[in-house]
Amino acid sequence: MDGMLQGFRWYGPDDPVPLSFIRQTGATQIVTSLHHIPYGETWSVKEIRERQKIVADAGLTWSVVESLPVHEEIKTRRGRCEEFIGNYKRSIENLAECGIHTITYNFMPVLDWIRTDLHYKLPDGSEALYFDKAQFAAFEVFILKRPGAEKDYSAATLAEAEAFFRAMTPEKVRRFTTGLIDNFPGFKGVTLEKIRSMLDEYRTLSRADLENNLIRFLSEVCPVAEKCASMLVIHPDDPPYPILGLPRIFSTLSDVKKLLKAVDSPANGVCFCAGSFSGRPDNDVVEIFKACAPRVGFIHLRSTHHDEKGNFYEANHLEGSVDMYRLAKAILEEQERRKKQGRSDWRIVFRPDHGHAMMDDLAKPPCPNPGYTAIGRMKGLAEIRGLEFGILKAMQEARCGEETRK
């Protein structure tokens, strides 16, 4: 029995973690994106092949795109929406021409994943990514000054938020703000004014509007992806609940079932990020996986640890709120099911997500891609590979025992 294909995210030629190091981790698949191409523009075959060659020359395979960004004007159905959708279709076709058929995207409005502390110190001295609701309230109410933001928080949270804000120096405010809004490749240099302007574009959009815009987008691009034998895999919201007064529409089991039913196409798939789904304590991550397993095209494995207020930090890969044993077993069972259906050479790609900054990486300049230092992710990859090996061995022995009894 074969395990999953081991992937590693790489941010391109400027990534401080070189491909030569990634190869030493045991990963064989590279997950990357053309971050230098502005959102909404077409990815040309030339650009794709250039990146593909760099990866291949290092002895690795570029198998998953993460991500092909969806322009904000597609999410709001405004401005150059139709033009950008046309460009998206051509990018899907060009990627398929180059042999790349798994394409990750998200539909989170304005900001992608959000953390309030990129260097949260753990007891062992390593650093994790952390989300604190009161700290985010401080950003919304006192820094961004979003109208009506205070209505989204309890009096206790607002008091905690104000105390946090008042204790910061102007320089700490600047770094705190940058850590929240300026972490996304391809979206660098964003300002508070830009965020306010983007929020204004969503002012009249309801949750139903955003859901319909996602369905309309998929209804237009999935037929192209089907022809290309490609799969578009949506990344869950992170955190998986409303942020900035805006709806987030791919956060729960109900959201997953609703979207897959609304666009019932083999090209409409899921990037199953266990860590993102685990950001809600009421999400049963394994249950969500089983509900969408046939449409999962790519997997992120990590976990989160919550406190009683709902704040969370990113735990070690085998710890925290995710039952990684049950999840990995369910993934391997799904892989085996697909093989029995005739896809004998099919193996799903997973990557360890958001590792801790630890050991020698702590002595280096801060990583420009928070959560993507080398050693912490390599530790996560090793832990998951060991877990997977044990599960596969047990499955193999169980099958041999059944054959013996027959």
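Mentor: Let's start with the ring cluster: Phe 131, Phe 136, Phe 139, Tyr 241 and Phe 312 are linked by ring pairs, where rings of Phe, Tyr and Trp (its six-membered ring) pair if their centres lie within 6.5 Å. This is a predicted model, so local features need pLDDT of at least 70, side-chain atom pairs count only at pLDDT 80 or more, and totals for chains, interfaces and linings use all residues. Residues are numbered from 1 along each chain as its sequence is written, and side-chain values use heavy atoms, with hydrogens and water left out.

Tyr 241 also has Lys 133 over its face, 5.1 Å from the ring centre; that label needs NZ of Lys or CZ of Arg within 6 Å of the centre and within 35 degrees of the ring normal.

Phe 139 turns up again where α5 (residues 133-144) meets α8 (residues 192-201). Those helix axes come within 12 Å and cross at roughly 100°, which makes α5 roughly perpendicular to α8 (65 to 115 degrees). On the α5 side, Phe 139, Ile 143 and Leu 144 make the contact (heavy atoms within 4.5 Å), and α8 brings Leu 192, Ile 195, Arg 196 and Leu 199.

The ring count comes to 15 aromatic pairs. One is stacked (planes under 30 degrees apart): Phe 142 and Phe 165, with ring centres 5.3 Å apart and planes at 10°. Phe 142 lies in α5 and Phe 165 in α6 (residues 155-166), so the pair ties together parts 23 residues apart in sequence. Phe 142 counts as buried at 18% relative accessibility (the cut-off is under 20%, with a 1.4 Å probe and protein chains only), and Phe 165 is buried at 17%.

How values were computed. Axes are lines fitted to C-alpha atoms, for helices over the stretch in contact, and angles run from 0 to 180 degrees between N-to-C directions. Helices (H or I, at least four residues) and strands (E, at least two) are DSSP runs, numbered from the N terminus. Angles under 35 degrees count as roughly parallel, over 145 as roughly antiparallel, 65 to 115 as roughly perpendicular and the rest as oblique. Rings of Phe, Tyr and Trp (its six-membered ring) pair if their centres lie within 6.5 Å; planes under 30 degrees apart count as stacked, over 60 as edge-to-face and the rest as tilted. Buried means under 20% relative accessible area, exposed over 50%, partly exposed in between (1.4 Å probe, protein chains only).
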